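Please look over the model below before reading on. This briefing goes with it and is grouped by topic.

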Amino acid sequence: MEGEKLKPMDSEQLREYGHKMVDFVADYYKNIENFPVLSQVQPGYLRDLLPDSPPVQPESLENVLDDVRSKIFQGVTHWQSPGYYAYFPSNSSIAGFLGEMLSAGINIVGFSWVSCPAATELEVIVLDWLAKLLKLPEFFLSTGQGGGVIQGTASEAVLVALLAARDRMSKKVGKDSLGKFVVYSADQTHASMQKACQIAGIYPENIRILKTDSSSAYSLAPEVLSKAVSQDIASGLIPLLLCATIGTTSSTAVDPLLALGKIAKSNGIWYHVDAAYAGSACICPEYRHYLDGIEEADSFCMNAHKWFLTNFDCSALWVRDRTALIESLSTYPEYLRNKESEANTVVDYKDWQIPLGRRFRSLKLWMVLRLYGQEGLQSYIRNHISLAKRFEELVRQDSRFEVITPRTFALVCFRLLPPANDENLCDKLNRELLESVNATGKMFISHTVLSGKYVLRLAVGAPLTEERHINTAWEVLQENATTLLKPHKNDLEIHTNGSV
């Protein structure tokens, strides 16, 4: 059948080609450790390898897959590699892959209930399931005034929350007050908060980025927020939204939800909690306490596509009051009118998000929850945290390195110690260490800056990572550190011995 012309859709051709593609992907995972984790290509590499225009006549699948092997893979940074430790994980899994495959096969556009009742109703149900796993307040469930919705990313989640907060406040104080609205977040909050402000029309001078430091493990101190809010109110400004974080990107800091929430509530501030990364860990009873205070929140987000075995994209957002979201984002043109929507007896998720169209994303989350179960997911999370703890112990055993901030979940922040207390040289060495270990192809880590210090980040979270990979990563770091420190051996000995 390979010689036959490929039809737009045909069950038998789909079966044949689909099997070949599954075999190709399975072989990719079987051999994934043979690829350099971080792509080593230069910008523009692919332009020289592909034709200037598409083919006139159809090509064979074999030829296309050959090009993937020889041309595409060299330009892929392999996020699913066991040596991937950069940024935060973006999990793939068998269940997630199967869910994506099924979603692609059915291929609906589920903007309203009537456009695909199953897509809407399954999303409602699985987000209620996930809310119950996280032990979220009942008002976040679909049976209350709120409910859940799958967004593409946490960036979209914070944007729609901000738009709902803006429009709710505008109705209260008048539409001409936009220039007085103030948004609060910590200097550790994800940059998506600032982008959301830009899109929502919040004046740049009214974006409060509140300072954190090591004394609070880089969490937002309630007294800092309280002071900022009081000053703004005294200046005639209107506090609008506060974004707190459970597991910041730089260091997985955890903001004190309850204390911050009380300040928000007493000042009529919309309280958004971003648990994009660490929300997954909170299905484990021993980490659920990090969500204490979530009952004060107006909206809450976690990314199932980060650390919950659900293929990208799948960001779960819950709101306390769905009416605020719907009133801000709803449109109802004639061509979308239908009796179910007009009777107000169904959910139309187009009114909970920015775009109109949406995929059947709940299928993959449903499959993950069913095929792994609560215990399987908890075990998965705990294993990564255990591996991160192992890496942290290795770092502490080497006097040339230091752990910068205590590990909370599965991220370790560390650096080479500064020879002769020279912080500028230390930053330079750590940059060079980052580049050298990433150039080996055996691992990929990223960096941040904390209290002015250039810090290396190793985030454990790839599905295939085992203890042997952690040990290999540490060996690579040690070997490259030794090479970099050779010219500074005397300075390092003076620093280590504590003498001058």
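The model is predicted. Strand S9 is itself largely enclosed by the rest of the structure, because six of its six residues are buried.

**Helix H13**

- Aspartate 422 caps the N-terminal end of the helix. One of its side-chain oxygens lies 3.2 Å from the backbone nitrogen of asparagine 424.
- Glycine 441 follows H13 and has a positive phi, near 80 degrees.
- The buried residues of H13 are Leu425, Cys426, Asp427, Leu429, Asn430, Leu433, Leu434, Val437 and Asn438.
- An α-helix has 3.6 residues a turn, so residues three or four places apart point the same way.

- Leu411, Cys413 and Arg415 point one way from S9. Val412, Phe414 and Leu416 point the other way. Both sets are buried.
- S8 and S9 run antiparallel and are joined by four bridges. The two strands form a hairpin, with five residues between them.
- Phenylalanine 401 has leucine 416 of S9 as its bridge partner.
- S11 also runs antiparallel to S9, and four bridges join the two. Here cysteine 413 stands opposite arginine 457 of S11.

**Helices H5 and H10**

- H5 (residues 154–173) and H10 (residues 322–329) pack at an angle of about 90 degrees, with their axes 8 Å apart. H5 is therefore roughly perpendicular to H10.
- On the H5 side, the contact is made by Val160, Leu163, Ala164, Asp167 and Lys171. On the H10 side, Ala324, Leu325, Glu327, Ser328 and Leu329 take part.

**Backbone exceptions**

- Most residues other than glycine have a negative phi, and most peptide bonds are trans.
- The peptide bond from phenylalanine 312 to aspartate 313 is cis, with omega near 5 degrees. Aspartate 313 sits in the loop between helix H9 (304–307) and strand S7 (315–319).
- Asparagine 107 is not a glycine, yet has a positive phi of about 50 degrees. Asparagine 107 lies in the loop between helix H3 (94–106) and helix H4 (117–133). Its relative accessible area is 59%, so asparagine 107 counts as exposed.
- Alanine 217 is not a glycine either, and its phi is positive, about 55 degrees. Alanine 217 is in the loop between strand S3 (207–210) and helix H7 (222–234). With a relative accessible area of 32%, alanine 217 is partly exposed.

**Lysine 211**

- Lysine 211 is placed in the loop between S3 and H7. Its relative accessible area is 64%, so lysine 211 counts as exposed.
- Leaving aside neighbours within four places in sequence, lysine 211 is in contact with Asp187 and Val224.
- Lysine 211 and serine 280 are 69 residues apart along the chain. Their C-alpha atoms are separated by 26 Å.

Conventions
Residues are numbered from 1 along each chain as its sequence is written. This is a predicted model: local features need pLDDT of at least 70, side-chain atom pairs count only at pLDDT 80 or more; totals for chains, interfaces and linings use all residues. Side-chain values use heavy atoms; hydrogens and water are left out. Buried means under 20% relative accessible area, exposed over 50%, partly exposed in between (1.4 Å probe, protein chains only). A polar contact is a pair of N or O atoms within 3.5 Å; within protein, one must be able to donate a hydrogen and the other to accept it, and residues adjacent in sequence count only if both atoms are side-chain atoms. Two strands pair if DSSP finds at least two bridges between them. Axes are lines fitted to C-alpha atoms, for helices over the stretch in contact, and angles run from 0 to 180 degrees between N-to-C directions. Angles under 35 degrees count as roughly parallel, over 145 as roughly antiparallel, 65 to 115 as roughly perpendicular and the rest as oblique. Contact means heavy atoms within 4.5 Å.
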